[in-house]
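The sequence and the structure are shown first, and the description follows.

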Amino acid sequence: MLITQLKAKETIVSLVDGKKVFIINCQGCKEVHFPENEAVELQKELAADGRLTGAITTDYICNPENMKLRLQKHMSKIEEADVVLVLSCGVGVQTVAEYLEGKKVCAACDTYPLPGFQGVTPLEYKCDQCGECYLNLTGGICPITACSKSLVNGQCGGSKDGKCEVDGNMECGWERIYRRLEKLGRLDALKCPTQVRNYATDDEVSK
């Protein structure tokens with residue numbers, strides 16, 4: 001099970017400032033926790049500013065086939081947006097980012113663990129529920145789970161022909177991140193050093 005908690009307001013403002021936004025709310029795990037009231041207020045604020053192109057509230061966007069069917073009905077509104085803001089766990093954000101690979105997809109929430117089952121997670125996407133979601137810096141690809149060493153500041157230098165030196169059958173996560181950011185025209189994001197990870201956050205929230 002898991003908890004999704006809205007990121008700090010200043011963080012969300014920095015993601016959407018001056019941009020048109022489409023919102024995806026995922027309530028697939030709301031029996032544990034989903035920031036429903038905060039999501040409603042955020043949507044109202046963006047709508048009042050005239051920057052909201054559309055919004056949907058659905059469940060289990062971590063199921064790619066289900067998610068594609070639901071998003072297809074809203075593609076014209078998604079195309080109008082500069083940013084797709086996803087309120088879900090890290091798995092949902094990664095699923096949407098993979099499908100909308102030419103669009104800037106941002107996580108509005110951090111994810112914290114609770115014991116139990118995590119949605120209907122496809123095996124190709126994973127969320128470590130670390131409490132500090134890096135997906136907004138890495139083009140929607142999680143460096144914690146896509147890299148065998150969980151490096152958050154870039155490639156280790158040990159990959160060969162695009163494959164991980166730890167697991168030769170695995171693509172280097174940071175090469176994937178580079179290619180995604182290049183496609184989005186966001187390679188400048190790699191110039192921003194990632195803060196030291198705070199391993200205490202998940203324990204504090206889960207108590």
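## Salt bridges

The structure, a predicted model, holds 10 salt bridges, a salt bridge being a side-chain nitrogen of Lys or Arg within 4 Å of a carboxyl oxygen of Asp or Glu. One of them joins the side chains of Lys9 and Glu45, at 3.4 Å from N to O. Lys9 belongs to helix H1 (residues 9–16) and Glu45 to helix H2, so this pair ties together parts that are 36 residues apart in sequence. Helices (H or I, at least four residues) and strands (E, at least two) are DSSP runs, numbered from the N terminus. Lys9 counts as exposed at 54% relative accessibility, whereas Glu45, at 37%, counts as partly exposed. Here buried means under 20% relative accessible area, exposed over 50%, and partly exposed in between (1.4 Å probe, protein chains only).

Glu80 forms a salt bridge with Lys77, with 3.9 Å between the closest N and O atoms. Both residues lie in helix H4 (residues 75–80), three residues apart, about one turn of the helix. An α-helix has 3.6 residues a turn, so residues three or four places apart point the same way. Glu80 is partly exposed, with a relative accessible area of 42%, and Lys77 is partly exposed at 38%. A further salt bridge is made by the side chains of Asp49 and Arg51 (3.2 Å, N to O).

Four strands, in the order S3-S2-S4-S5, form an open sheet with parallel pairing; two strands pair if DSSP finds at least two bridges between them. Strand S3 (52–58) and strand S5 (104–107) stand at the edges with a single partner strand each, so one side of each is left without a neighbour in the sheet. From one strand to the next, the twist averages 20 degrees.

Strand S2 (residues 21–26) pairs with strand S4 (residues 83–87) in the parallel sense over five bridges. Ile24 has Val86 in S4 as its bridge partner. Helix H2 (residues 36–48) packs on the sheet and touches S2, S3 and S4, contact meaning heavy atoms within 4.5 Å. The direction of H2 makes about 165 degrees with that of S2; axes are lines fitted to C-alpha atoms, for helices over the stretch in contact, and angles run from 0 to 180 degrees between N-to-C directions.

## Helix H5

Eight of the 10 residues of helix H5 (residues 90–99) are buried, so this helix is largely enclosed by the rest of the structure. The buried residues are Gly90, Val91, Gly92, Val93, Gln94, Thr95, Val96 and Ala97.

## Basis of the values

Residues are numbered from 1 along each chain as its sequence is written, and side-chain values use heavy atoms, with hydrogens and water left out. In this predicted model, local features need pLDDT of at least 70 and side-chain atom pairs count only at pLDDT 80 or more, while totals for chains, interfaces and linings use all residues.
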